[in-house]
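Please look over the sequence and the model before reading on.

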Amino acid sequence: MGRMDGRVAIITGGARGQGRAHAIALAREGASIVLVDIADQVDAVQYPLAVPADLDQAQELVEKEGARCLQVQADVRNRAAIDDAVSRTVAEFGRIDVLVANAGIVGYGTALEQSHELFDAIVGTCLTGAWNCCRAVLPHMIKRGYGRIAITSSGLVGFAAPNVTPYIAAKNGVVGLMKGLALELIDKGITVNIVQPYIVNTPLAHSEAAYKVFVPDDARVTGKRVALTTVVAGGVARIRECSRCDDGFAGRIRGAELAERVGGQGGSGGVAVEPGAMVPHGFDVAFDATHVGRPAL
Ligand SMILES: NC(=O)c1ccc[n+]([C@@H]2O[C@H](COP(=O)([O-])OP(=O)(O)OC[C@H]3O[C@@H](n4cnc5c(N)ncnc54)[C@H](O)[C@@H]3O)[C@@H](O)[C@H]2O)c1
């Protein structure tokens, strides 16, 4: 018996990455799965999005878990297409219990380096797309008096991080979306939550565009231990370790929070990292992500 036996879950951005992982995990627990993904490139985006073969592979992996699976190639920015995906889900499975509004894209670079088209694509996907999906499932969930909605935000929410400004704006937006919906739906059997991942090993986080911004060229040397630091408000510093991957890319960010905090605010630990000031003990190179492009040497 799985915890999701008999349930039906829609997962957007389900072709690969975290969405695919959510789909497999839910399938393993017994849910039937609807994978929604654009599986196509959006011109302004700086790294490749999923392709139809990713959707097929995700479906295969879900079915391997013994679950039923429907795939829908649709853009979450397209309301009619999302409404149609929801109708198809109800026609195929008779119900929708779970929505994982996970589809998202990021843009890297300063405000001047990110085009209006990229801003629109990011907000359209991460924020309006999440709204479109929630809005589309709600009539059904409210009628049934049951629903579980998870929207993917970002661990960057609450940080001051430059070079991903449209993304942070959109990911902050879904926090508001979640809070408002959660309160409205509190007595209707529907919960709404957000997931705030930090750095996850997917093509969104690992692309030339990302490394250009977050790992400077002179740190991209095999074998060097790179400390990626982000100095946030109040002098709080976070340090993550990056190391060059065997496949030639710099910066497989292990996510271990090696140290955080200077001064008197929040967090724990205590390594002082002034922008550009020091290389933390045990590292060859420090890179200050707060002041992108300037190695903290
Ligand atoms: N990877 C990270 O470090 C990280 C950190 C914090 C938050 N997130 C968020 O996690 C979520 C999943 O991202 P991921 O890391 O798996 O990246 P990913 O790029 O591997 O997966 C995103 C998926 O969304 C799909 N997609 C993009 N635009 C779409 C659209 N308009 N309509 C439908 N599908 C669309 C892509 O084709 C892709 O399959 C995103 O919302 C992302 O912003 C990622």
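Which residues does L35 touch, not counting residues up to four places away in sequence?

## Overview

The model is predicted. Its chain of 297 residues has 44% of them buried, and it contains 6 helices and 10 strands. Of the contacts between residues at least 6 apart in sequence, 64% join residues at least 24 apart.

L35 touches I11, G14, A15, A23, L55, A58, Q59, C69, Q71 and V72, leaving aside residues up to four places away in sequence.

The largest nonpolar core has 68 residues, and L35 is among those that touch the most other members, together with I33, L99 and V137. The element that gives the most to this core is α4, with 12 residues. In soluble globular proteins, nonpolar side chains tend to be buried together.

## Helix α2

Helix α2 covers residues 52–64. Its 13 residues should span 18 Å at 1.5 Å a residue, and this agrees with the 18 Å between its end C-alpha atoms.

The buried residues of α2 are L55, A58, Q59 and V62. They lie on the same side of the helix, because they cover an arc of only 100° around the axis. An α-helix has 3.6 residues a turn, so residues three or four places apart point the same way. On the other side of α2, the residues A53, E60 and K64 are exposed. The cover over the buried residues includes α1, β2 (32–37) and β3 (69–73). After α2 comes G66, which has a positive phi, near 90°.

## Helix α5

Helix α5 runs over residues 165–184. At 1.5 Å a residue its 20 residues should span 28 Å, and the end C-alpha atoms are 29 Å apart, which agrees.

Buried in α5 are P166, Y167, I168, A170, K171, V174, L177, M178 and L181. Among the elements that cover these buried residues are α4, β5 (147–152) and β6 (190–195).

## Around the ligand

The ligand is surrounded by 33 residues, of which G13, G17, A50, G104 and L204 are the closest.

By type, the residues of the shell divide into 16 nonpolar, 13 polar and 4 charged.

Note on methods
Residues numbered from 1 in each chain as written. Predicted model: local features only at pLDDT ≥ 70, side-chain atom pairs only at ≥ 80, totals over all residues. Near = placed C-beta within 6 Å. Nonpolar A, V, L, I, M, F, W, Y, C, P; charged D, E, K, R; others polar. Core = buried A, V, L, I, M, F, W, Y, C linked by C-beta atoms within 7 Å. Buried ≥ 20, exposed ≤ 12 C-beta atoms within 10 Å, placed from the backbone. Helix = DSSP H or I, 4+ residues; strand = E, 2+ residues; numbered from the N terminus. Contact = placed C-beta atoms within 7 Å. Expected span 1.5 Å × (residues − 1). Arc of directions from axis to C-beta.
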